[in-house]
Amino acid sequence: MAEEALPLLEARFKERPDDTFAMTELSWVYLALGRDADALRLARQAADTISIEKDALSGPNFQTGLAQIEARAGEPEEAVKRLRHLLAIPAGGEVSIARLKIDPVWDPIRNRPDFQQLLSGPEQIGANK
């Protein structure tokens, strides 16, 4: 299925290089095809294009997506670091300890001590963390 989606998404991304949703979708296809470096590059590009500083509502979504790709593409330390940051700010419904505990997307890093530490800690929002 990823092989079928690849040419369609690459064409869409070529037509609209600023389309963050195309970047995100294509990054997951690259990940499914074992193209981890390409997946990480596009997920980072999407997260940089719609950063939290530029868009407080959508920014956390793209940061979470990047953390998901990092968790699956061999950069678990970066994923945990990103999640720690998202738990420390108002990130809406994107990241919460309860969601991290049950969402299977985090299974690749679930047994890591640093991820388990996130799950056992309090959700802290604001400067007094």
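**Chat about a pocket and a helix pair**

Colleague: Which helix gives the largest share of the lining of the second largest pocket?
Modeller: That's α4, with seven residues in the lining. Keep in mind that this is a predicted model.

Colleague: Okay, and which other helices supply at least two residues each?
Modeller: Besides α4 (59-72), you've got α2 (20-32), α3 (36-49) and α6 (97-102).

Colleague: How many residues line that second largest pocket, and which lie nearest its centre?
Modeller: There are 19 lining residues, and Asn61, Thr64, Gly65, Gln68 and Glu94 lie nearest the centre.

Colleague: How much space is in there?
Modeller: The second largest pocket holds about 190 Å³.

Colleague: And how do the lining residues divide into nonpolar, polar and charged?
Modeller: You get 10 nonpolar, six polar and three charged ones.

Colleague: Switching topic: at what angle do α4 and α5 pack?
Modeller: About 155°, and their axes are 7 Å apart. Helix α5 covers residues 76-87. Angles over 145 degrees count as roughly antiparallel, so α4 is roughly antiparallel to α5.

Colleague: Is their crossing left-handed or right-handed?
Modeller: The crossing of α4 and α5 is left-handed.

Colleague: Which residues meet there?
Modeller: From α4 it's Pro60, Gln63, Thr64, Leu66, Ala67, Glu70 and Ala71. On the α5 side they meet Pro76, Glu78, Ala79, Arg82, Leu83 and Leu86. By class, that contact has eight nonpolar, two polar and three charged residues.

Notes: Residues numbered from 1 in each chain as written. Predicted model: local features only at pLDDT ≥ 70, side-chain atom pairs only at ≥ 80, totals over all residues. Heavy atoms only, no water. 1 Å grid on protein atoms, 1.4 Å probe; cavity = no way out; pocket = protein on both sides within 12 Å on 5 of 7 lines; lining within 4 Å. Points joined across faces, edges and corners; volume = space filled by probe spheres on them. Helix = DSSP H or I, 4+ residues; strand = E, 2+ residues; numbered from the N terminus. Nonpolar A, V, L, I, M, F, W, Y, C, P; charged D, E, K, R; others polar. Axes fitted to C-alpha atoms, helices over the stretch in contact; angles between N-to-C directions. Parallel < 35°, antiparallel > 145°, perpendicular 65-115°, else oblique. Left-handed = near helix turned anticlockwise from the far one by under 90°. Contact = heavy atoms within 4.5 Å.
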